[in-house]
Amino acid sequence: MEKNSKGRKKYRLRKKTLLACVLAAGLIFIAGRICFRAGGNDGRAKTGLAGAGMSFPVPQEADGPQEDAQDRARQEVLEQAERMAASYDYDGAIALLTAAEGYETDSGMQERAAAYGAVKETCVPVSMEEVTHVFYHSLVVDPDRAFSGQDTDPQAAGNNQWMTTIREFEKITQEMYDRGYVIVGIHDLIEETTDENGNTVYSPARIMLPPGKRAYVLSQDDLSYYHCYDNYGFASRMVLDENGKPICEYIEEDGTHVRGAYDVVPLLDAFIEEHPDASYRGAKGLIALTGYNGILGYRTDDSYLDVNGNINEDKKNWLAEHPDFDIEQERAGAKQVADAMKAGGWEFASHTWGHIRIGEVGLERLMYDTQKWRENVEPIVGPTDAIVFAHGQDLGEWGDYEESNAKYRYLREQGYRVFCNVDSNLYRTWFGRDYLRQGRRNLDGLRIYFNAIGEQDNIGDLFDAGTVLDPDRPPVQRVK
Ligand SMILES: [Zn+2]
């Protein structure tokens, strides 16, 4: 990341009204359990300059294999540069072109580089105060399986409140793209510098986008495919396709296993592949993981080894159905997927190992939980400095965390610097001295439904809820 000598700079956001606090508190209350039962193209940019009518000389007719190879190499450089420029990395695209063989005498490449430079000049800085953060849970593949019986089945009622369907996700993603929204990585927001005393200082980074574009961060929580999701019409785990790209496995009602884009990761990957200008420099989302049921649909947690111990019915049943369970195989499978996701621009965060209520647990429980995450999840997804609190809870009031807050001090010692909660405000970003806090907006059944029927009005900046609402979603019940 580019360094500068800017002094410490904080974004003091608008003072919150009492109403906002009440809404946030309500969310903290309602953003509860995810399990509701008892217990536990060809790759070429289609947009950007190519779409803006730019052209470059057609390669000259080749005379032989050597010329062929040169033309191919040239074409590849041009395509790669086009893709970088489409995702707003104009400097990278120009550097690639100017370093290419023959650039000095290639007027086509030179024109291209000059055009990228011209577009870069038109870019304007993103206001960090206006970077919204949206989040999802695992997407509903089959609304019928997910929601039916909601009057008597708390899991179905919960699914209807907290989950988004694939159709809704696709419409939201398209509509936000059409409105100029561009995904940025949460770490793209941060400029890290060192002050005169050698201390790390965070300040808002400078993200430059063409006029009319708006940046947003996306996250997905609980990408574990918990046992409680079984038979409710969600994907069952992440796997790799024949090209090594992450996709999902889904078990049909009749038990047939199929593979495809049944959740956020492969759907967004495909969207950005087709629309590289939907993402700032290839950024994707932040995946927040617990550990207690494993991750990504793999039963990676050491609790599954404790067959005679204190494990719950879900795990006992699963183990009984999987006599060949091999934790090392599960961990290897999960790691393959995690590696492919990271290579594709996804980042990982802790969601706490046990989906704990950070505001309510004692320090000892937090320490135990953090160690469990470190032992069971970190070896698979790698270290992270981001923690996305479960149940929408937080460590303290909005603003700077108190240094006297023991749980905050402990999480800092453990290396956490990015802290996210849940919040109804359009934008909620706070730069602490050397950490970042961000509130996130749930794009789920509750939010979409109550906006669609006109009982809430807090999503219109992103999309029109009426057109997004899945016709197969039954009325969402209010959280009691
Ligand atoms: Zn969660």
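These legends go with close-up views of a predicted model.

**View 1. Helix α3 and its buried side.** Let's start with α3, which covers residues 90-99 and has Tyr90, Ala93, Ile94, Leu96 and Leu97 buried. Look down the axis of α3 and those buried residues sit within an arc of 160 degrees, so they line one face of the helix. What do they pack against? The buried residues of α3 pack against α2 (65-86) and α4 (107-122).

**View 2. The β8-β9-β10 sheet.** Here we have an open sheet of three strands, ordered β8-β9-β10, with antiparallel pairing. The edges belong to β8 (237-240) and β10 (257-260); each has a single partner strand, so one side of each has no neighbour in the sheet. On average, neighbouring strands of this sheet are turned by 40 degrees against each other, ignoring direction. Zooming in on one pair, β8 and β9 (residues 246-251) are joined by four bridges in the antiparallel sense. Val239 is the residue standing opposite Ile247 in β9.

**View 3. Two helices across β8 and β9.** Helix α8 (residues 264-274) lies across β8 and β9, and runs at about 135 degrees to β9. Helix α10 (residues 327-343) also lies across β8 and β9, with its direction at about 75 degrees to β8.

**View 4. Around Thr429.** Thr429 belongs to strand β15, which spans residues 429-431. Is Thr429 buried or exposed? Thr429 has 21 C-beta neighbours inside 10 Å, so it counts as buried, given that the cut-off for a buried residue is 20 or more. Also in this view is Gly399: it and Thr429 are 30 residues apart in sequence, with 9.3 Å between their C-alpha atoms.

Terms used
Residues are numbered from 1 along each chain as its sequence is written. This is a predicted model: local features need pLDDT of at least 70, side-chain atom pairs count only at pLDDT 80 or more; totals for chains, interfaces and linings use all residues. A residue is buried if 20 or more other C-beta atoms lie within 10 Å of its own, exposed if 12 or fewer, and partly exposed in between; C-beta atoms are placed from the backbone. The arc is that of the directions from the helix axis to the C-beta atoms. Two residues are in contact if their C-beta atoms, placed from the backbone, lie within 7 Å. Two strands pair if DSSP finds at least two bridges between them. Axes are lines fitted to C-alpha atoms, for helices over the stretch in contact, and angles run from 0 to 180 degrees between N-to-C directions.
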